[in-house]
Amino acid sequence: MYEDFFKEHYTHLYYFALHFVSDTEVARDVVSEAFRSLWEKIDAINYDTMMSYMLTCVRNLCIDHIRHEETKYVYINSYESLASELDTDDWREMENRCSDVMREMDLLPEKTKFIMEQNYLYKKKYKEIAEMTGLTESGVRKQIMKGLDIIRSKFSVKYKKGQ
């Protein structure tokens with residue numbers, strides 16, 4: 001049953017997908033993924049509704065692919081926009097600032113430095129850091145605030161909560 005359905009409808013579904021995505025490889029991948037999905041649900045789907053299931057599945061997979069591509073282009077365009085706005089001097093200045101901040105982080109007390117690195121460089125949440133260090137989340141927050149205050153003081157950055 002599955003094999004017959006595949007042989008009978010693969011080409012139709014391929015052209016249906018190609019109508020959406022305009023890329024032969026992507027269309028093949030989408031149809032293959034739809035048939036994989038059908039295979040997983042073969043016992044639950046009635047043969048009479050199989051084609052409508054596959055058309056819906058192919059359409060949804062194509063839409064997912066298009067959305068993913070659009071998101072990718074948004075990021076590419078924003079990066080290109082940022083890159084075109086910044087000239088070489090701006091990049092150098094930004095790199096120098098990052099180096100300066102990293103140098104100051106190296107001078108922080110070990111515990112504060114470790115917590116700051118975990119939070120800002122490794123993107124760990126307060127809860128994760130608290131588990132690693134044995135501190136409470138509040139203690140982690142205080143260590144981060146302490147580190148930020150020290151770094152800000154080196155760069156004469158004035159910061160007030162809410163600004």
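In which helix is Glu117 found? Glu117 sits in helix α5, which covers residues 110–121. Here is a friendly tour of the rest of the chain.

## About the model

This is a predicted model, in which local features need pLDDT of at least 70 and side-chain atom pairs count only at pLDDT 80 or more, while totals for chains, interfaces and linings use all residues. Residues are numbered from 1 along each chain as its sequence is written, and side-chain values use heavy atoms, with hydrogens and water left out.

## The overall layout

The chain has seven helices and zero strands. Helices here are DSSP runs of H or I with at least four residues, strands are E runs of at least two, and both are numbered from the N terminus. Along the sequence, that gives the pattern α-α-α-α-α-α-α. The radius of gyration is 27 Å, well over the 15 Å that the globule rule gives for 163 residues, so the chain is more spread out than a compact globule. That radius is taken over C-alpha atoms, and the rule is 2.2 Å times the number of residues to the power 0.38.

Along its principal axes, the C-alpha trace spans about 70 × 45 × 25 Å. Of the 163 residues, 28% count as buried. Buried means under 20% relative accessible area, exposed means over 50%, and partly exposed lies in between, using a 1.4 Å probe and protein chains only. Taking the contacts with a separation of 6 or more, 54% join residues 24 or more positions apart; contact means heavy atoms within 4.5 Å.

## Helices α1 and α2

Helix α1 (residues 2–21) packs against helix α2 (residues 24–40) at an angle of about 140°, and their axes are 8 Å apart. Axes are lines fitted to C-alpha atoms, for helices over the stretch in contact, and angles run from 0 to 180 degrees between N-to-C directions. The angle makes α1 oblique to α2. For reference, angles under 35 degrees count as roughly parallel, over 145 as roughly antiparallel, 65 to 115 as roughly perpendicular, and the rest as oblique. The crossing of α1 and α2 is right-handed, meaning that the near helix is turned clockwise from the far one by less than a right angle. On the α1 side, the contact includes Tyr2, Phe5, Phe6 and Tyr10, and on the α2 side it includes Phe35, Arg36, Leu38 and Trp39. By class, this contact has 16 nonpolar, one polar and two charged residues. Ala, Val, Leu, Ile, Met, Phe, Trp, Tyr, Cys and Pro count as nonpolar, Asp, Glu, Lys and Arg as charged, and the others, Gly among them, as polar.

Ser22 lies in the loop between α1 and α2. Its phi is near 55°, a positive value in a residue other than glycine. Most residues other than glycine have a negative phi. Ser22 is exposed, with a relative accessible area of 63%.

Ser37 has its place in helix α2 and is buried, at 12% relative accessible area. Not counting residues up to four places away in sequence, Ser37 touches Tyr53 and Cys57.

Ile63 belongs to helix α3 (residues 50–85) and counts as partly exposed, at 28% relative accessibility. Ile63 and Ala17 are 46 residues apart in sequence and 9.8 Å apart in space, C-alpha to C-alpha.

Leaving aside its neighbours within four places in sequence, Glu117 is in contact with Met105 and Tyr122. Its C-alpha atom is separated by 9.7 Å from that of Ile144, 27 residues apart along the chain.

The axes of α5 and α6 come within 10 Å and cross at roughly 145°, in a right-handed crossing. Phe114, Ile115, Gln118 and Asn119 in α5 meet Tyr126, Ile129, Met132 and Thr133 in α6. Helix α6 (residues 126–133) also packs with helix α7 (residues 137–154), at about 100° with axes 8 Å apart, and the two are therefore roughly perpendicular. Their contact includes Tyr126 and Ile129 of α6 and Val140 and Ile144 of α7.
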